[in-house]
Amino acid sequence: MATLRSLKIKASTCRRLVRELRSYEEEVEKEAAKTAGMGGSTVILSVLADTDDFRQTENVLAESRMVVPDCHNRHETALSDLKATLAELEESNEHGVEIGEAESTVTEVEAVFIPRED
């Protein structure tokens with residue numbers, strides 16, 4: 001049985017996951033640019049410390065790229081869960097501010113969220 005409290009929690013989760021996904025995507029862009037900049041200076045890479053820095057940056061980039069699809073999947077699941085809970089509460093004629101907030105969250109999230117087609 002869905003409650004207004006669970007709806008509020010699920011809406012907050014969706015908003016948090018949007019911020020998290022954006023953060024990881026920005027990190028991937030930043031690390032990719034950093035790696036590209038390091039790779040362009042092969043003379044500097046001959047120094048051992050710079051080579052280690054380059055490898056570390058590549059590792060961070062690889063990790064970030066692996067996290068993005070997982071975060072995307074969690075976000076997709078949270079959004080569908082929020083929609084299901086919202087539908088269940090609307091069906092049971094539940095009223096409250098949380099319903100309006102959840103509806104606006106779904107609208108906002110769908111505006112920025114592009115479902116993946118793997």
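This is a predicted model: local features need pLDDT of at least 70, side-chain atom pairs count only at pLDDT 80 or more; totals for chains, interfaces and linings use all residues.
Residues are numbered from 1 along each chain as its sequence is written, and side-chain values use heavy atoms, with hydrogens and water left out.

**Around Ser-64**
- Ser-64 sits in helix 2 (residues 48-91); helices are DSSP runs of H or I, at least four residues, and strands are E runs of at least two, numbered from the N terminus.
- Ser-64 counts as buried because its relative accessibility is 3% (buried is under 20% relative accessible area, exposed over 50%, partly exposed in between; 1.4 Å probe, protein chains only).
- Setting aside neighbours within four places in sequence, Ser-64 is in contact with Glu-27 and Val-28 (heavy atoms within 4.5 Å).
- Glu-26 belongs to helix 1 (residues 4-39).
- Glu-26 has 54% relative accessibility, so it counts as exposed.
- Glu-26 and Ser-64 are 38 residues apart in sequence, with C-alpha atoms 9.6 Å apart.

**Nonpolar cores**
- The largest nonpolar core has 17 residues, and Leu-7 and Leu-82 touch the most other members (a core is a set of buried Ala, Val, Leu, Ile, Met, Phe, Trp, Tyr and Cys residues joined through side-chain atoms within 4.5 Å).
- Helix 1, helix 2 and helix 3 (97-112) each give two or more residues to this core.
- Helix 1 provides the largest share, six residues.
- A second, separate core has five residues, including Leu-21, Leu-61, Val-68 and Cys-71.
- Beyond neighbours within four places in sequence, the contacts of Leu-82 include Leu-7, Cys-14, Ala-102 and Val-106.

**Helix 3**
- The 16 residues of helix 3 should span 22 Å at 1.5 Å a residue, and the end C-alpha atoms are 23 Å apart, which agrees (expected span: 1.5 Å times one less than the number of residues).
- Its buried residues are Ile-99, Ala-102, Thr-105, Val-106 and Val-109.
- These buried residues fall within an arc of 120° seen down the axis, so they line one face of helix 3 (the arc uses directions from the helix axis to the C-beta atoms).
- Val-97, Thr-107 and Ala-111 are exposed on the other side of helix 3.
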